Amino acid sequence: DAPRMPAIAWHLHERSFGDDAERRQLHDLLRQAVQGKAVRFVFDRPRTVIALAEGLDRRCPGVLLEVGLDLAVLTNRPEIEHDGATLLKKLPSLARMAVSAATQKRQFLRGLPETSPLKRQFLIDRAAAVVVPMGLDAAVRNLTGASLTRSVLSLDFAVQILQTLNDTLRDAGRSIHLDLRLDSHALPAADGTVSLPTQLDIAGKLHARAGAGTATLLLADEEQGDIAALGELLHAAWSSSSITRLRMQRVGGTLQQGELAI
């Protein structure tokens, strides 16, 4: 399932790690995050467009719709026959189904009466359509026999899947003048035995191919108390990875909803 909406999205930039006051704020939020509060960290980097939410950034005023692609179901179809090369050949057709849904939604909105609030307030032709790959790890396990968090070959195959989807959406979007965006907020969390740097490395590789995503960093009990170390880990992820958004979760824990005491 896709993660529930967080209570707060905290944007991190260079001053977040160098300025004493901002670093104290970051550490306060990290303490709440490891306690299970719904905090999501968003990485703002120089010379990149600031991400606002799934499919949204400073250049995009809205989202037409979000389409999920169930990759695990596709791998179980008889014509795939547990063959990775066959899956990669079928993926563009699956992606084009999402393109068709987005095109129909845009056409519907264009046909609304001029008095419609959506027609007046929603910038239809500048909005994006978001495509979400679902069940990526399950699909990879079905075809390779190993989780993408446990096998380099499985991770490489997951990267190929995302790259194929991204290329197809980009080319299709150009032909119909529609902004189609892959956003991998349904990507799996690693299990708690995978080191934190390795979890970040995996997430960075997936986000680099998808273009955006939300990584879930799983914390073992002994990793939850060292807030300064977690802050340094975020700094490393901000400076040297392609991760777009990140949330933290204790091993075996769940995120809580509600107000944050900040």
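Predicted model: local features only at pLDDT ≥ 70, side-chain atom pairs only at ≥ 80, totals over all residues.

Modeller: Two packed helices are described by the angle between their axes and the distance between the axes. For α8 (residues 196–210) and α9 (residues 227–240), that angle is about 25° and the axes are 11 Å apart. Angles under 35 degrees count as roughly parallel, and therefore α8 and α9 are roughly parallel to each other. Where they meet, α8 contributes L196, P197 and L200, while α9 contributes L230, L233 and A237. Sorted by class, this contact holds six nonpolar residues, with no polar and no charged ones.

Helix α8 also leads us to the sheet, for it lies across β8 and β9 and runs at about 170° to β8. The sheet is an open one of four strands, in the order β1-β2-β9-β8, and its pairing is mixed. At its edges stand β1 (8–12) and β8 (214–219), each with a single partner strand, so one side of each is left without a neighbour in the sheet. From one strand to the next, the twist averages 30°.

Another helix, α2 (residues 20–34), packs on this sheet as well, touching β1, β2, β8 and β9 (245–250), and its direction makes about 135° with that of β2. Strand β2 (residues 39–43) runs parallel to β1, and five bridges join the two; in one of these pairings, L12 has F43 in β2 as its bridge partner.

Key
Residues numbered from 1 in each chain as written. Heavy atoms only, no water. Pairing = 2+ DSSP bridges. Axes fitted to C-alpha atoms, helices over the stretch in contact; angles between N-to-C directions. Contact = heavy atoms within 4.5 Å. Parallel < 35°, antiparallel > 145°, perpendicular 65-115°, else oblique. Nonpolar A, V, L, I, M, F, W, Y, C, P; charged D, E, K, R; others polar.
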